[in-house]
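Biologist: Hi! I'd like to learn how to read a protein model. Can we walk through one together?

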Amino acid sequence: MKYREAWQKAAGLLQDNGLEEARLESEILLRHTLGISRVQLHLELERELKPEKETAYFETLQHRLEGEPSAYITGEKEFYGRTFLVDKRVLIPRPETEHLIEKALQIARHYECPYIADIGTGSGVIAITLALELKDAYVYAADISEDALEVARQNAEEYRLEKRLSFYQGDLLSSLPEMVDILAANLPYVPKAEAELLNGEPRLALDGGKDGLDLYRRLIPFLPARLRPGGTALLEIGIHQSELLAKYIKDTLPQASLEIISDYAGIPRIVALTLPI
């Protein structure tokens, strides 16, 4: 069996089992099995797949068919053009979070040396990406899970960010050492009933309570204590949550200004909350 044939067969199996990105995922798993780059795979599609590699590939594919995410199988995930380590201790980074990065970078241009906090950092992709994109920024990353922080620290070490990125364990804002200019929060926002149906990723990183907004309701009242005047909090949300969260913010912090940021499909993904100066 050639590389091309194995790839096509695997893509068919994944597609038959209802996986939306069957071709991409089967490619990722094939490259992982072979230990080669995407370019190399495409250059060698007519190469014969060794029997032991064929066995390993379809064994790996079986793990995916049983519900294990590809990122956990390979141990890595791309985000904002970089590769990050991930495992079952952390949520897998989503493409929609890149909208939060873009907005944070836009805001940061107004500061010479912005101080940034990433709350619920998980694998650390938000904090690390912002530190890498903003050479004069200092970033604090906090998470309640020590397991998640271990993964985030590993990722930070890969990018040599020890001097401009500090990690803290604590509930929401409790461990932040000082006020910041920009605060990013990608907290669990999946409604509990939906989170209970999801397998593979840590429940702690998914379950946002009955309507998915419990943690944001706990976070928002304390923002003025940790966000400098004129500072902005960027809150990632799920589908159909923007209006409910915006109303809560207006009731809780009536002086704050709000902006709803949608993805390329027009789905609201980020609520930006800015405190008055």
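Biologist: Which side chain does Arg38 meet in a salt bridge?

Modeller: Arg38 pairs with Glu27, at 2.9 Å from N to O. By salt bridge I mean a side-chain nitrogen of Lys or Arg within 4 Å of a carboxyl oxygen of Asp or Glu. Before we go on: this is a predicted model, where local features need pLDDT of at least 70 and side-chain atom pairs count only at pLDDT 80 or more, while totals for chains, interfaces and linings use all residues. Residues are numbered from 1 along each chain as its sequence is written, and side-chain values use heavy atoms, with hydrogens and water left out.

Biologist: Good to know. Where do Arg38 and Glu27 lie?

Modeller: Arg38 is in helix H3 (residues 38–43) and Glu27 is in helix H2 (residues 22–34), so their bridge ties together parts that are 11 residues apart in sequence. Helices (H or I, at least four residues) and strands (E, at least two) are DSSP runs, numbered from the N terminus.

Biologist: Is Glu27 buried or exposed?

Modeller: Glu27 has 2% relative accessibility, so it counts as buried. Arg38, at 48%, counts as partly exposed. The cut-offs are under 20% relative accessible area for buried, over 50% for exposed, and partly exposed in between (1.4 Å probe, protein chains only).

Biologist: Why would such side chains pair up?

Modeller: Side chains of opposite charge can pair when their charged atoms come close.

Biologist: How many salt bridges are there?

Modeller: The count comes to 20 salt bridges. One of them joins Glu133 to Arg82, with the closest N and O atoms 2.8 Å apart. Glu133 belongs to helix H7 (residues 125–133) and Arg82 to strand E2 (residues 82–85), so this bridge ties together parts 51 residues apart in sequence. Arg218 and Asp171 also meet in a salt bridge, at 2.2 Å from N to O. That pair links distant parts of the chain, with Arg218 in helix H10 (residues 214–219) and Asp171 in the loop between E5 and strand E6 (180–185), 47 residues apart. There is a network too: salt bridges that share partners join Lys2, Arg4 and Glu46.

Biologist: New topic, aromatic rings. How many aromatic pairs are there?

Modeller: The count is 7 aromatic pairs. Rings of Phe, Tyr and Trp (its six-membered ring) pair if their centres lie within 6.5 Å; planes under 30 degrees apart count as stacked, over 60 as edge-to-face and the rest as tilted. Tyr57 and Phe58 have ring centres 5.1 Å apart and planes at 55°, so their pair is tilted. Both of these residues are buried.

Biologist: What about Tyr140 and Tyr168, what sort of aromatic pair do they form?

Modeller: Theirs is edge-to-face, 5.8 Å centre to centre with 65° between the planes. The pair links distant parts of the chain, since Tyr140 is in strand E4 (residues 138–143) and Tyr168 in strand E5 (residues 165–169), 28 residues apart. Ring pairs also link Tyr115, Tyr138, Tyr140 and Tyr168 into a cluster.

Biologist: Which ring does the charged end of Arg23 sit over?

Modeller: The ring of Trp7, 4.1 Å from its centre. Lys9 lies over the face of Phe58, 5.0 Å from the ring centre. The rule here is NZ of Lys or CZ of Arg within 6 Å of the ring centre and within 35 degrees of the ring normal.

Biologist: Now the inside. How many residues does the largest nonpolar core have?

Modeller: It has 33 residues, and those with the most contacts inside it are Leu165 and Leu234. Helix H7 gives the most to this core, with 7 residues. A nonpolar core is a set of buried Ala, Val, Leu, Ile, Met, Phe, Trp, Tyr and Cys residues joined through side-chain atoms within 4.5 Å. A second, separate core of 29 residues includes Ala142, Leu176, Ile237 and Ala256.

Biologist: Last one! Which residues of helix H12 are buried?

Modeller: In H12 (residues 242–252), the buried ones are Ser242, Leu245, Ala246 and Ile249. They cover an arc of only 100° around the axis, which puts them on the same side of H12. That arc is taken from the directions from the helix axis to the C-beta atoms. The face turned away from this buried side carries the exposed residues Glu243, Lys247 and Asp251.
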